Amino acid sequence: MEERQVEFRNVSFRYQEDMPWVLKNVNFTIGPDEWVAIIGHNGSGKSTIAKLMNGLLFPQEGEVYVGGTKVNADTVWDVRKQVGMVFQNPDNQFVGTTVRDDVAFGMENHGMPRDLMVNRIQQSLKAVRMEKFERHEPHRLSGGQKQRIAIAGVLAVSPEFIILDEATAMLDPKGRKEIMQTVSDVQQERDLSLITITHDLQEVTMASRVIVMNGGEIWMEGSPRDVFSKKDHLTEIGLDTPFVSKMADHLKKEGVRLSREPLNHQELLEDLCISRSTM
Amino acid sequence: MSSSMIIGQYIPADSVIHRLDPRSKIAIIFFYVVIVFFANSAMSYGVLALFAVGSAFLSQVPFRYILKGLKPVWFLILFTFLLHLFVTREGDVAFSIFGWDVYKEGLVQGGAISLRFFLLILVTSLLTLTTTPIEITDAIEELLGPLKKVKFPVHELALMMSISLRFIPTLMQETEKISKAQASRGVDFRTGAFKDRVKAVVPLLVPLFVSAFKRAEELAMAMEARGYQGGEGRTKLRELQITKIDVYLYIVFVLLVMALFMTRN
């Protein structure tokens with residue numbers, strides 16, 4: 001089997017025996033260096049997917065493979081070294097009393113020697129551009145800065161997958177932008193697969209692939225352009241589409257011809273310029 | 001508000017006392033507390049006081065902060081002094097007030113006990129003034145280390161302490177937020193009878209507790225996701241190190257003990 005990939009094979013999950021299934025027979029593979037966004041409205045099972053990936057939960061049926069090993073109670077500690085996770089609330093995942101202690105927390109758990117830790121702290125703080133804050137206490141940081149520290153803490157363990165479980169949901173637009181910038185920089189610098197679970201449509205357009213969840217099943221899968229071009233399907237399950245995408249729709253109705261589904265303002269503008277010059 | 005918040009009484013400085021290993025500080029203070037009770041002559045008290053005042057001087061902590069630490073116990077010191085003064089009925093009568101004889105022995109004993117109190121509080125507050133709470137936590141973890149053999153959860157205790165320290169400012173900010181939110185809904189925290197004010201705390205505490213439990217749950221999940229599996233096989237970033245200064249401290253302390261026993265009656 002291919003190393004460095006996450007694979008879900010016929011995974012079904014429910015929290016308790018008499019409860020409804022949260023995930024129903026889910027199959028997908030996330031390969032190396034991919035950026036996958038998982039979207040879906042509340043209760044669609046997207047956060048459960050994240051927790052299954054690093055062994056916070058185990059499926060009742062089917063198997064989850066990370067880097068070729070099946071996730072179970074024996075392998076879970078190795079799996080957690082490979083799969084880093086950043087959660088929603090910036091405060092409730094900050095364990096250390098200072099930035100430096102928090103970045104070290106994961107490494108301490110994995111029993112890394114101290115010299116290596118000191119090195120890695122520097123590197124990972126640099127990667128998230130927070131090297132000046134090494135001695136700061138958490139209450140002196142903004143939400144976005146705390147999330148960047150959380151990312152640094154995950155990077156320090158050098159995982160192969162990073163899951164952002166609605167990591168930007170509690171941030172202001174500035175913090176959100178910072179995080180997405182950091183994440184995309186980091187992904188380009190290191191060989192990493194990114195999995196973002198999100199409501200934010202801007203985040204979705206940055207991904208290379210989108211998985212749309214609905215009622216515990218995969219509803220749709222494809223590139224952001226493909227997914228957003230099927231707006232009717234998305235609105236059917238109560239999901240919103242980006243403003244640019246809606247705008248393009250209205251333009252099409254007015255008779256403007258566009259060559260492709262635009263993902264951002266820039267693309268729409270370029271398209272409009274081309275169609276105008278050919279008119 | 002948040003940038004000026006300092007937990008505990010720690011006064012940052014780069015003095016010899018600050019640089020001591022917290023384990024040494026705690027151990028020496030423990031033994032100091034023991035030997036204070038061996039002093040029984042003016043000279044022996046003098047030797048002990050010299051050590052305490054000398055350390056305070058070396059710590060570079062402004063005098064007013066040390067006084068602040070003594071504030072809550074002034075009354076106790078005064079009370080024990082007066083108690084000894086009036087209750088002791090030995091030796092010669094020194095003088096009498098309102099027909100009550102005060103004996104010389106009472107004066108001496110009262111003075112000695114008060115001085116003992118003063119010295120104890122001085123050295124212990126020096127510890128909290130020159131050591132960060134997290135250093136104290138680390139030192140306690142190390143010093144209690146041997147108890148692991150009898151299954152005492154030393155690591156867990158230290159982790160609990162450090163997480164509490166970490167969340168004090170967070171919960172304080174939250175308390176402020178909740179109290180503002182409740183005040184805007186008409187809860188009055190400041191005026192009214194004592195009973196009413198106590199009652200007004202309930203709508204503050206309930207949401208605070210609910211959110212603290214939610215935080216705890218999420219934190220536990222985040223810790224687990226980052227590979228936390230107890231103290232077993234864990235390495236530590238923060239390391240305590242015995243340096244030359246610590247060795248000097250031990251030498252000075254041994255000399256102190258010797259001087260104390262030479263000056264005793």
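Trainee: Which residue stands opposite A:Ser193 in E8(A)?

Mentor: The residue opposite A:Ser193 is A:Phe161. This is a predicted model, in which local features need pLDDT of at least 70 and side-chain atom pairs count only at pLDDT 80 or more, while totals for chains, interfaces and linings use all residues. Residues are numbered from 1 along each chain as its sequence is written, and chains are lettered from A and ligands numbered from 1 in the order in which they are written.

Trainee: What makes E7(A) and E8(A) a pair?

Mentor: Two strands pair if DSSP finds at least two bridges between them; E7(A) and E8(A) have 5 and run in the parallel sense, so they pair by that definition. Strands (E, at least two residues) and helices (H or I, at least four) are DSSP runs, numbered from the N terminus. Strand E3 (residues 35-39) of chain A is likewise parallel to E8(A), through 4 bridges, and A:Trp35 stands opposite A:Leu194.

Trainee: Why is strand E8 (residues 193-197) of chain A described as largely enclosed?

Mentor: A residue is buried if 20 or more other C-beta atoms, placed from the backbone, lie within 10 Å of its own, exposed if 12 or fewer, and partly exposed in between. In E8(A), 5 of the 5 residues are buried, so the strand is largely enclosed by the rest of the structure. In a regular strand the side chains alternate between the two faces of the sheet. Here both faces are covered, by buried A:Ser193, A:Ile195 and A:Ile197 on one side and buried A:Leu194 and A:Thr196 on the other.

Trainee: Which elements make a right-handed β-α-β unit?

Mentor: E7(A), H6(A) and E8(A) make the unit. The term right-handed applies if, with the strands pointing away from the viewer, the path from the first strand over the helix to the second runs clockwise.

Trainee: Why is A:Glu166 called partly exposed?

Mentor: A:Glu166 has 19 other C-beta atoms within 10 Å, so it is partly exposed. A:Glu166 is found in the loop between strand E7 (161-165) and helix H6 (173-189) of chain A, and its phi is near 50°, a positive value in a residue other than glycine. A:Asn25, in strand E2 (residues 23-30) of chain A, also has a positive phi, near 45°; with 15 other C-beta atoms within 10 Å, A:Asn25 is partly exposed.

Trainee: Why are H4(A) and H5(A) called oblique to each other?

Mentor: Angles under 35 degrees count as roughly parallel, over 145 as roughly antiparallel, 65 to 115 as roughly perpendicular and the rest as oblique. Helix H4 (residues 114-127) and helix H5 (residues 143-156) of chain A pack at about 135°, with their axes 8 Å apart, and they are therefore oblique.

Trainee: Why are H7(B) and H8(B) called roughly antiparallel?

Mentor: The axes of helix H7 (residues 133-143) and helix H8 (residues 154-184) of chain B come within 9 Å and cross at roughly 175°, and the two are therefore roughly antiparallel.

Conventions: Axes fitted to C-alpha atoms, helices over the stretch in contact; angles between N-to-C directions.
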